[in-house]
Amino acid sequence: EKGIDLKEVCDYKLAKDNELRFEVETGARVKLDLIDGSAELFGTELVRSRSYIFESGAKIAVFTWFGCSLRLTGKVEAAYVSKDTPMVIYLNTHAAIEQMRKVSEQKDTLGPRILVCGPQDVGKSTVGRLLINYAVRLGRKPTLIDLDVGQGGVSIPGTVGALTVERPADPVDGFDLKVPLVYHFGHTSPNGNIKLYEVLISRLADVFNAKCDFNKQVKHSGCIVNTCGWVKGQGYQCILHTAQSFEADVVLVLDSERLYNDLKRDLPDFVNVILQPKSPGVVERTREMRRDAREEKTKEYFYGPRKIYFPHAFDISFSEVQIFKIGAPALPDSCLPLGMEKEDTQTKLVPVAPGIDLVHHILSLSMAESLEENLVETNVAGFVVVTNVDPERQVFSVLSPAPRPLPRNYFLIMDLRFIDIHK
Ligand code: ATP
């Protein structure tokens, strides 16, 4: 209970279908207790025997279907109860998806594949989490596909990944991220490398299909694909590509009539495109808040939830590993070798000579065992961050959640940097 202002206590009585929304003040921590009745947090049921402690900046909604009493201890920003929520609509969506799962089970066909899309700050990740949690609570094994490279839902920012979920998300720590399948992207927006982004989407779809082939429960449970908030121009093309790659049955558009109409026009008739409202509770985030959230997520990767662990620090000699960047600088058409298309350069592996420029960059450790494998489409084992480079001794220093030895030898460098100020 360190850092919680115990003098600030407030009780709330919620009528059925209401939700308590609160934000934790910067630098503070807040404790939430369920005193009476039943309540859920983004689809996970709360229990009375546990206190839930939220960190600085968390934005939370606790919803009750039947009424409850809650207690908040600590400094909150703007805590209020609202009855204006789209939860009944989301619950109906869940019921319709569950119906599709039942049919797929009976006929042994592919389960429902749902795309969640919409502009920034409409609650896409939250709706995704809700639908996954509701499915898990019915004993399903849905797969969360996260394409939001800006926030990194199943790993750190700058990656895409898939996670088959068997337990509801922890109200504080989110989904158990021990076994996600993660791919290196390297940028925080798809336009950092559109071609690579599309290649990875297709790859994830293939991998998910393969998993469906040998696991019936995964097959019938289907997937929820969380997309990123870039919905114009090439971002829109990416959504179409995603719907096609995953053979989406349902496209859930949050809060954008324009996007809804465009998708209805451009997707085949058998795709059920539906428009749903966003929750008025979703908090808009500034650029700085997004950057902070990214940093927080990365820090969590190295230090564990609530920073309970310390990463290992060690040196890696230049000769021990090879570092690559994905994507060569685009050449003007006239300079391209005959028969090579401009796009090819975007997925090309370019060797990076280790030097002082590496400092603070995040490196993904590829699972590839040899360069015969396609590193671009191979998943990663984990990440290190470079803290120092010593050209004289020909070594660089890293922080890593796992100790030596490195299980593999090929690194992919991210655009993303992380400056460790934990100390
Ligand atoms: P992005 O554009 O970054 O992909 P998004 O559309 O996925 O964002 P979320 O990440 O789901 O949006 O939600 C934004 C923030 O709002 C999160 O911090 C989330 O915890 C908070 N939030 C979501 N729903 C509610 C609610 N009903 N009440 C209060 N806060 C909420």
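# Helix packing, ligand contacts and backbone geometry

Phenylalanine 42 lies in the loop between strand E4 (40-41) and strand E5 (44-45).

Trainee: What makes the phi of phenylalanine 42 worth a remark?

Mentor: This is a predicted model, and in it phenylalanine 42 has a positive phi of about 45 degrees although it is not a glycine.

Trainee: Which residue other than glycine has a phi near 60 degrees, and where does it lie?

Mentor: That is glutamine 394, with a positive phi. Glutamine 394 sits in the loop between strand E21 (380-390) and E22.

Trainee: What makes the peptide bond from arginine 404 to proline 405 cis or trans?

Mentor: Omega is near -5 degrees, and the bond is cis. Proline 405 belongs to the loop between strand E22 (395-400) and strand E23 (410-417).

Trainee: Now the helices. Why are H3 and H5 called roughly parallel?

Mentor: Helix H3 (residues 194-214) and helix H5 (residues 234-245) pack at about 20 degrees, with axes 9 Å apart. Angles under 35 degrees count as roughly parallel, and H3 and H5 are therefore described that way. Their crossing is right-handed.

Trainee: Which residues make the contact of H3 with H5?

Mentor: From H3 come Ile194, Tyr197, Glu198, Ile201, Ser202 and Ala205. From H5 come Gln234, Gln237, Cys238, His241, Thr242 and Ser245. By class, that contact has 5 nonpolar, 6 polar and 1 charged residues.

Trainee: Which residues of H5 and H6 meet, and how do they divide by class?

Mentor: Tyr236, Ile239 and Leu240 in H5 meet Leu259, Asp262, Leu263, Arg265 and Asp266 in H6. The contact has 5 nonpolar, no polar and 3 charged residues.

Trainee: Why are H1 and H2 called oblique to each other?

Mentor: Helix H1 (residues 87-107) and helix H2 (residues 124-137) pack at about 50 degrees, with their axes 10 Å apart. Since angles of 65 to 115 degrees are roughly perpendicular and those under 35 roughly parallel, H1 and H2 are therefore oblique. The crossing of H1 and H2 is right-handed.

Trainee: Which residues of H1 and H2 make the contact?

Mentor: Met87, Tyr90, Leu91, His94, Ile97 and Arg101 of H1 face Val127, Leu130, Leu131, Tyr134 and Ala135 of H2 in that contact. By class they are 9 nonpolar, 1 polar and 1 charged.

Trainee: Which residues around the ligand come nearest?

Mentor: Of the 21 residues around the ligand, these are Glu19, Lys59, Ser125, Thr126 and Arg290.

Trainee: What do aspartate 121 and aspartate 148 each place by an oxygen atom of the ligand?

Mentor: Aspartate 121 has a backbone N or O atom 3.0 Å from an oxygen atom of the ligand. Aspartate 148 has a polar side-chain atom 2.9 Å from a ligand oxygen.

Methods: Residues are numbered from 1 along each chain as its sequence is written. This is a predicted model: local features need pLDDT of at least 70, side-chain atom pairs count only at pLDDT 80 or more; totals for chains, interfaces and linings use all residues. Side-chain values use heavy atoms; hydrogens and water are left out. Axes are lines fitted to C-alpha atoms, for helices over the stretch in contact, and angles run from 0 to 180 degrees between N-to-C directions. Helices (H or I, at least four residues) and strands (E, at least two) are DSSP runs, numbered from the N terminus. Angles under 35 degrees count as roughly parallel, over 145 as roughly antiparallel, 65 to 115 as roughly perpendicular and the rest as oblique. A crossing is left-handed if the near helix is turned anticlockwise from the far one by less than a right angle, and right-handed if clockwise. Contact means heavy atoms within 4.5 Å. Ala, Val, Leu, Ile, Met, Phe, Trp, Tyr, Cys and Pro count as nonpolar, Asp, Glu, Lys and Arg as charged, and the others, Gly among them, as polar. A residue is near a molecule or strand if one of its heavy atoms lies within 4 Å of it. A polar contact is a pair of N or O atoms within 3.5 Å; within protein, one must be able to donate a hydrogen and the other to accept it, and residues adjacent in sequence count only if both atoms are side-chain atoms.
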